[in-house]
Amino acid sequence: MSIAIKKSIRVLKNLMLEEGVYDLWLEADDMVADARPGQFVSLYCNDGGRLLPRPISICEIDRDKSSIRLVYRVLGKGTEEFSRLKTGDLIDCIGPLGRGFTLEGSKALLIGGGIGIPPLLELAKQLSCEKDIVLGYRDLTFLENDFKKYGNVYISTEDGSIGTKGNVIDAIKANNLTADIIYACGPTPMLKGVKEYAEVNHIKAQLSLEERMACGIGACLACVCQSTEVDHHTNVHNKRICKEGPVFYADEIVL
Ligand SMILES: Cc1cc2nc3c(=O)[nH]c(=O)nc-3n(C[C@H](O)[C@H](O)[C@H](O)COP(=O)(O)OP(=O)(O)OC[C@H]3O[C@@H](n4cnc5c(N)ncnc54)[C@H](O)[C@@H]3O)c2cc1C
Ligand code: FES
């Protein structure tokens, strides 16, 4: 595993996928060798007033072209600055960071909600087992055609405009989906629902958590979540999402 060092890397393209959602390819060179699905990179803003890096999950890894893909939603000033990046621009970046997904199981259920959907794409690509993929959106969809290359895709939307009306659990139940491993990434209420569903149905689950981050490299404790076991680093019931996560087994954490 390489040590995370800040590097200036080149933007290959940065296009709008859907209203407010951008598709960014970066020339990643040696970063791609270590990158795993579920890990993230921290991107720095050029505006000196915004010192903290912004964590963004790795959506795809292209080892042949030494590049990585990030898909992000414009939320505040940092991501708004990223949306203005042009081909050839340089951006400071650290990564790959954190613990990604462990590839296992013979029948997988991948569950993504909103901007938690992108990190599941590289996972879908790398998992060789049978897989169903459930994508939950509020209304506007993105990346669903990319996922169709790797498994059966089921969609839920809050307004029912596409797929099952409701949330990802409604889509799983409506389509009678079963698995021996669940991989999920999305907002905390969705992850709570997935954790409960996995427990009730005795399915092993790996959950990718999101929390506001500061350093992104395990130094500041800004990103802790509650853990079932006492953590050897802090001696209390918590784990750093940026370092021990963002991916945890469902029984390792309390949501
Ligand atoms: C492990 C991880 C992976 C992520 N992957 C993605 C992704 O693939 N695509 C995507 O669109 N978003 C992703 N996010 C959320 C993304 O980091 C925030 O939307 C982004 O940092 C917001 O920055 P901003 O300057 O636009 O917003 P502001 O609200 O102005 O940010 C202010 C500060 O708070 C931090 N912050 C705000 N919201 C979050 C958040 N949700 N998580 C962590 N830090 C936050 C920012 O990094 C910044 O330091 C991920 C977050 C984490 C923790
Ligand atoms: S963001 Fe600093 S320890 Fe995780």
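Since the model is predicted, local features need pLDDT of at least 70 and side-chain atom pairs count only at pLDDT 80 or more, while totals for chains, interfaces and linings use all residues. Residues are numbered from 1 along each chain as its sequence is written, with chains lettered from A and ligands numbered from 1 in the order in which they are written.

Domain 1 puts 20 residues into the contact and domain 2 puts in 18 residues; two residues are in contact if their C-beta atoms, placed from the backbone, lie within 7 Å. On the domain 1 side, the elements giving two or more residues are β1 (7-18), β3 (40-43), β4 (54-57), β5 (60-62), β6 (67-73) and β7 (90-97). Helices (H or I, at least four residues) and strands (E, at least two) are DSSP runs, numbered from the N terminus. That side holds 13 nonpolar, three polar and four charged residues, where Ala, Val, Leu, Ile, Met, Phe, Trp, Tyr, Cys and Pro count as nonpolar, Asp, Glu, Lys and Arg as charged, and the others, Gly among them, as polar.

One open sheet has seven strands in the order β4-β3-β7-β1-β2-β6-β5, with antiparallel pairing; strands pair if DSSP finds at least two bridges between them. β4 and β5 are at the edges with a single partner strand each, so one side of each has no neighbour in the sheet. Within the sheet, β1 pairs with β2 (residues 21-27) over six bridges, and Met 16 has Tyr 22 in β2 as its bridge partner.

A second open sheet, with mixed pairing, runs β11-β10-β9-β8-β12-β13-β16. Its edge strands are β11 (164-165) and β16 (247-249). Here β12 (residues 181-185) and β13 (residues 204-208) pair in the parallel sense over five bridges, one pair of bridge partners being Ala 184 and Leu 207.

As for ligand 1, 21 residues surround it, the closest being Ser 57, Tyr 72, Gly 76, Gly 78 and Thr 79; a residue is near a molecule if its C-beta atom, placed from the backbone, lies within 6 Å of it. β4, β6 and α2 (77-83) each give two or more residues to this shell, and β4 gives the most, with four residues. The shell comprises 11 nonpolar, four polar and six charged residues.
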